[in-house]
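Please look through the structure below together with its sequence. The paragraphs that follow go from strands and sheets to cores and aromatic rings.

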Amino acid sequence: MKKILAVALTSVFAVAAFAIESDPSNTVGFISQTLEAGFSTFAPCPIGAGPSVNALDYISGQGSAGDKIYKWENGGWSQYPYSNWSTLTFEPGVACLYNNTSGSNQSLVIAGDVIPEGTTVAMGTIPAGIAAWGNPLPMDIDLDTDDLGLGLADGDKIFAWETGGWSPFTKTAGVYAVDFLAGEAYLIKAATEHVWEYTIGGAPVAVAPVQVKKVSRAKVRTIN
(Lines give C-alpha, C1' and ligand atoms only; values in the text may rest on other atoms or scores of the structure.)
Protein backbone atom coordinates (compact mmCIF):
# COMPACT_ATOMS: atom_id res chain seq x y z
CA MET A 1 0.00 0.00 0.00
CA LYS A 2 1.35 3.40 -0.93
CA LYS A 3 1.21 6.51 1.19
CA ILE A 4 -1.27 8.57 -0.81
CA LEU A 5 -3.62 11.31 0.32
CA ALA A 6 -5.91 11.58 -2.65
CA VAL A 7 -8.86 13.90 -1.98
CA ALA A 8 -8.44 17.68 -1.88
CA LEU A 9 -10.01 19.38 1.10
CA THR A 10 -12.19 22.42 0.53
CA SER A 11 -12.86 23.06 4.22
CA VAL A 12 -10.75 22.02 7.14
CA PHE A 13 -13.63 22.50 9.57
CA ALA A 14 -16.10 20.51 7.49
CA VAL A 15 -13.68 17.60 7.38
CA ALA A 16 -13.01 17.90 11.11
CA ALA A 17 -16.74 17.62 11.83
CA PHE A 18 -16.93 14.54 9.62
CA ALA A 19 -13.84 13.06 11.28
CA ILE A 20 -15.34 13.04 14.75
CA GLU A 21 -17.70 10.23 13.73
CA SER A 22 -15.29 8.41 11.41
CA ASP A 23 -12.07 6.44 11.49
CA PRO A 24 -8.62 7.89 10.74
CA SER A 25 -8.11 8.00 7.00
CA ASN A 26 -5.40 8.46 4.41
CA THR A 27 -7.91 9.62 1.78
CA VAL A 28 -9.77 12.52 3.36
CA GLY A 29 -6.80 13.75 5.36
CA PHE A 30 -7.63 13.69 9.05
CA ILE A 31 -6.90 11.88 12.28
CA SER A 32 -8.95 11.81 15.48
CA GLN A 33 -7.32 11.14 18.83
CA THR A 34 -8.46 10.70 22.41
CA LEU A 35 -6.63 12.94 24.89
CA GLU A 36 -6.89 11.57 28.40
CA ALA A 37 -6.70 13.85 31.43
CA GLY A 38 -3.09 14.83 32.00
CA PHE A 39 -0.42 14.53 29.33
CA SER A 40 -0.45 12.84 25.94
CA THR A 41 1.89 13.05 22.97
CA PHE A 42 0.59 13.99 19.54
CA ALA A 43 1.85 14.83 16.09
CA PRO A 44 -0.20 17.16 13.89
CA CYS A 45 -0.97 15.02 10.88
CA PRO A 46 -1.77 15.24 8.09
CA ILE A 47 -0.68 18.81 7.46
CA GLY A 48 0.54 18.66 3.89
CA ALA A 49 4.10 19.24 2.76
CA GLY A 50 4.31 22.99 3.46
CA PRO A 51 6.95 24.34 5.82
CA SER A 52 4.63 25.90 8.39
CA VAL A 53 0.91 26.31 9.06
CA ASN A 54 -1.05 28.10 11.79
CA ALA A 55 -2.33 25.68 14.42
CA LEU A 56 -5.78 27.30 14.64
CA ASP A 57 -6.40 26.44 10.98
CA TYR A 58 -6.32 22.81 12.07
CA ILE A 59 -7.52 22.60 15.68
CA SER A 60 -9.69 25.72 16.12
CA GLY A 61 -12.68 25.24 18.41
CA GLN A 62 -11.15 22.31 20.28
CA GLY A 63 -9.54 22.05 23.69
CA SER A 64 -10.56 23.88 26.85
CA ALA A 65 -9.35 26.85 28.87
CA GLY A 66 -6.33 25.86 30.90
CA ASP A 67 -5.06 23.33 28.34
CA LYS A 68 -1.52 23.68 27.07
CA ILE A 69 0.43 22.41 24.09
CA TYR A 70 4.18 21.89 24.35
CA LYS A 71 5.98 21.95 21.01
CA TRP A 72 9.52 20.69 20.49
CA GLU A 73 11.50 23.50 18.91
CA ASN A 74 15.03 24.89 19.20
CA GLY A 75 16.15 21.86 21.17
CA GLY A 76 13.47 21.96 23.88
CA TRP A 77 9.76 22.14 24.75
CA SER A 78 8.06 25.50 24.17
CA GLN A 79 4.81 26.09 26.08
CA TYR A 80 1.66 27.41 24.37
CA PRO A 81 -1.34 28.03 26.67
CA TYR A 82 -4.85 27.62 25.26
CA SER A 83 -5.25 31.40 25.05
CA ASN A 84 -2.11 31.69 22.92
CA TRP A 85 -2.62 28.96 20.32
CA SER A 86 -2.89 31.65 17.62
CA THR A 87 0.92 31.95 17.82
CA LEU A 88 1.49 28.19 17.47
CA THR A 89 2.56 26.71 14.13
CA PHE A 90 2.69 23.12 12.92
CA GLU A 91 5.26 21.63 10.55
CA PRO A 92 5.68 18.10 9.15
CA GLY A 93 7.61 16.05 11.68
CA VAL A 94 6.94 18.36 14.64
CA ALA A 95 6.40 16.72 18.03
CA CYS A 96 3.94 17.97 20.65
CA LEU A 97 2.76 17.18 24.15
CA TYR A 98 -0.84 18.00 25.09
CA ASN A 99 -1.76 18.86 28.68
CA ASN A 100 -5.49 18.16 29.05
CA THR A 101 -6.61 19.99 32.19
CA SER A 102 -10.35 19.36 31.82
CA GLY A 103 -10.35 16.31 34.09
CA SER A 104 -11.92 14.06 31.47
CA ASN A 105 -11.18 12.72 28.00
CA GLN A 106 -11.22 15.12 25.06
CA SER A 107 -11.12 14.47 21.34
CA LEU A 108 -8.55 16.13 19.11
CA VAL A 109 -9.33 16.08 15.41
CA ILE A 110 -6.68 17.36 13.01
CA ALA A 111 -7.68 17.74 9.38
CA GLY A 112 -5.29 19.04 6.79
CA ASP A 113 -4.14 19.43 3.24
CA VAL A 114 -3.69 16.65 0.74
CA ILE A 115 -0.18 15.38 0.08
CA PRO A 116 -0.19 14.41 -3.62
CA GLU A 117 1.63 11.29 -4.75
CA GLY A 118 5.17 12.10 -5.81
CA THR A 119 5.56 14.89 -3.24
CA THR A 120 8.72 14.75 -1.16
CA VAL A 121 7.88 15.40 2.49
CA ALA A 122 10.51 16.76 4.86
CA MET A 123 9.99 14.21 7.61
CA GLY A 124 12.50 16.08 9.75
CA THR A 125 16.16 16.57 10.51
CA ILE A 126 17.39 13.92 12.92
CA PRO A 127 20.23 15.65 14.80
CA ALA A 128 23.07 14.05 16.68
CA GLY A 129 21.94 13.66 20.27
CA ILE A 130 18.33 13.71 21.46
CA ALA A 131 15.41 15.38 19.71
CA ALA A 132 11.64 14.90 19.49
CA TRP A 133 9.86 13.87 16.28
CA GLY A 134 6.21 13.36 15.33
CA ASN A 135 4.76 11.10 12.64
CA PRO A 136 3.21 13.46 10.03
CA LEU A 137 1.47 10.67 8.09
CA PRO A 138 -2.06 9.46 9.04
CA MET A 139 -1.05 5.80 9.36
CA ASP A 140 1.30 3.61 11.34
CA ILE A 141 4.84 2.95 10.08
CA ASP A 142 6.30 -0.52 10.66
CA LEU A 143 9.98 0.39 11.02
CA ASP A 144 11.18 -3.21 10.90
CA THR A 145 9.45 -3.77 7.55
CA ASP A 146 10.24 -0.44 5.89
CA ASP A 147 11.72 2.53 7.72
CA LEU A 148 11.04 4.91 4.79
CA GLY A 149 14.63 6.12 4.94
CA LEU A 150 14.83 6.86 8.67
CA GLY A 151 18.25 5.24 8.63
CA LEU A 152 19.12 5.01 12.32
CA ALA A 153 22.28 3.07 13.12
CA ASP A 154 22.53 0.12 15.48
CA GLY A 155 22.79 1.53 18.98
CA ASP A 156 20.55 4.52 18.24
CA LYS A 157 17.37 4.72 20.32
CA ILE A 158 13.72 5.62 19.93
CA PHE A 159 11.76 6.58 23.06
CA ALA A 160 8.00 5.97 22.98
CA TRP A 161 5.65 7.65 25.51
CA GLU A 162 3.84 4.90 27.40
CA THR A 163 2.80 4.03 30.95
CA GLY A 164 3.57 7.55 32.14
CA GLY A 165 7.06 8.04 30.73
CA TRP A 166 9.52 7.54 27.89
CA SER A 167 10.28 3.87 27.19
CA PRO A 168 13.55 3.22 25.25
CA PHE A 169 13.85 0.96 22.20
CA THR A 170 17.40 0.42 20.89
CA LYS A 171 17.99 -0.52 17.26
CA THR A 172 19.92 -3.79 17.42
CA ALA A 173 21.08 -5.88 14.46
CA GLY A 174 18.88 -3.79 12.19
CA VAL A 175 15.73 -4.32 14.29
CA TYR A 176 13.90 -1.30 15.75
CA ALA A 177 11.40 -3.22 17.92
CA VAL A 178 9.00 -0.26 17.87
CA ASP A 179 6.57 1.22 15.33
CA PHE A 180 5.77 4.87 14.64
CA LEU A 181 2.03 5.15 15.31
CA ALA A 182 -0.12 7.64 13.44
CA GLY A 183 -0.51 10.87 15.35
CA GLU A 184 2.17 10.06 17.93
CA ALA A 185 5.42 11.80 18.90
CA TYR A 186 8.71 10.23 19.94
CA LEU A 187 12.20 11.04 21.16
CA ILE A 188 15.08 9.91 18.97
CA LYS A 189 18.69 9.57 20.11
CA ALA A 190 21.04 9.32 17.13
CA ALA A 191 24.82 9.20 16.92
CA THR A 192 25.00 11.30 13.72
CA GLU A 193 22.79 13.93 12.10
CA HIS A 194 20.90 13.36 8.86
CA VAL A 195 17.90 14.79 7.02
CA TRP A 196 14.98 12.41 6.67
CA GLU A 197 12.82 12.84 3.58
CA TYR A 198 10.19 10.61 2.06
CA THR A 199 8.45 10.78 -1.32
CA ILE A 200 4.73 9.99 -1.04
CA GLY A 201 3.96 6.84 -3.01
CA GLY A 202 7.67 6.23 -3.41
CA ALA A 203 7.87 2.95 -1.48
CA PRO A 204 5.56 0.23 -0.21
CA VAL A 205 4.97 0.21 3.54
CA ALA A 206 3.36 -2.09 6.04
CA VAL A 207 0.25 -0.42 7.44
CA ALA A 208 -1.24 -1.51 10.75
CA PRO A 209 -4.58 -0.37 12.21
CA VAL A 210 -4.29 2.93 14.07
CA GLN A 211 -4.35 2.38 17.83
CA VAL A 212 -5.03 4.62 20.83
CA LYS A 213 -1.84 4.78 22.87
CA LYS A 214 -2.20 7.48 25.49
CA VAL A 215 -1.31 8.01 29.13
CA SER A 216 -2.97 10.05 31.84
CA ARG A 217 0.02 11.35 33.80
CA ALA A 218 3.25 13.05 32.85
CA LYS A 219 6.38 11.45 34.25
CA VAL A 220 9.48 12.24 32.21
CA ARG A 221 12.24 9.82 33.02
CA THR A 222 15.97 10.43 32.62
CA ILE A 223 17.05 9.76 29.03
CA ASN A 224 20.45 8.03 28.77
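Strand β13 is mostly covered, with five of its six residues buried. Here buried means under 20% relative accessible area, exposed means over 50%, and partly exposed lies in between, using a 1.4 Å probe and protein chains only. Strands (E, at least two residues) and helices (H or I, at least four) are DSSP runs, numbered from the N terminus. The model is a predicted one, in which local features need pLDDT of at least 70 and side-chain atom pairs count only at pLDDT 80 or more, while totals for chains, interfaces and linings use all residues. Residues are numbered from 1 along each chain as its sequence is written, and side-chain values use heavy atoms, with hydrogens and water left out.

Which strands pair with β13? One is β10 (residues 129-134), which runs antiparallel to β13 and is joined to it by six bridges. Within this pairing, W133 has Y186 of β13 as its bridge partner. The other is β11 (residues 157-162), paired with β13 in the antiparallel sense over four bridges. Here L187 of β13 has F159 opposite. Two strands count as paired if DSSP finds at least two bridges between them. Strands of a sheet pair through backbone hydrogen bonds, either parallel or antiparallel.

β11 also pairs with β12, in the antiparallel sense and over six bridges, and W161 stands opposite W166 in β12. Together these strands give an open sheet of four, in the order β10-β13-β11-β12, with antiparallel pairing. β10 and β12 are at the edges with a single partner strand each, so one side of each has no neighbour in the sheet. From one strand to the next, the twist averages 30 degrees; axes are lines fitted to C-alpha atoms, for helices over the stretch in contact, and angles run from 0 to 180 degrees between N-to-C directions.

The loop between β12 (165-170) and β13 (185-190) contains A173, and A177 is found in this loop too. Phi is near 55 degrees at A173 and near 65 degrees at A177, and both values are positive in residues other than glycine. Most residues other than glycine have a negative phi. A173 counts as exposed because its relative accessibility is 67%.

A second open sheet can be followed next. It has four strands in the order β2-β7-β4-β5, again with antiparallel pairing. β2 and β5 (76-81) stand at its edges; each has a single partner strand, so one side of each is left without a neighbour in the sheet. The twist in this sheet averages 25 degrees from one strand to the next. Six bridges join β4 to β5, and Y70 stands opposite Q79 in β5.

Leaving aside neighbours within four places in sequence, N99 is in contact with G38, F39, D67, K68 and Y70, where contact means heavy atoms within 4.5 Å.

A pair of aromatic rings is described by the distance of the centres and the angle of the planes. Rings of Phe, Tyr and Trp (its six-membered ring) pair if their centres lie within 6.5 Å; planes under 30 degrees apart count as stacked, over 60 as edge-to-face and the rest as tilted. By this rule there are nine aromatic pairs. F39 and Y70 form a tilted one, with 5.8 Å from centre to centre and 35 degrees between the planes. This pair links distant parts of the chain, since F39 is in strand β2 (residues 38-42) and Y70 in strand β4 (residues 68-73), 31 residues apart. Both F39 and Y70 are buried. W72 and W77 form an edge-to-face pair, at 5.2 Å and 80 degrees. W72 is buried at 17% relative accessibility, whereas W77 is partly exposed at 32%. Ring pairs also link F42, Y82, W85, F90 and Y98 into a cluster.

Last come the nonpolar cores. A nonpolar core is a set of buried Ala, Val, Leu, Ile, Met, Phe, Trp, Tyr and Cys residues joined through side-chain atoms within 4.5 Å. The largest has 21 residues, of which L150, I158 and F180 touch the most other members. β9 (120-126), β11, β13 and β14 (194-199) each supply at least two residues of this core. A second, separate core of 20 residues includes L35, F42, I47 and Y58.
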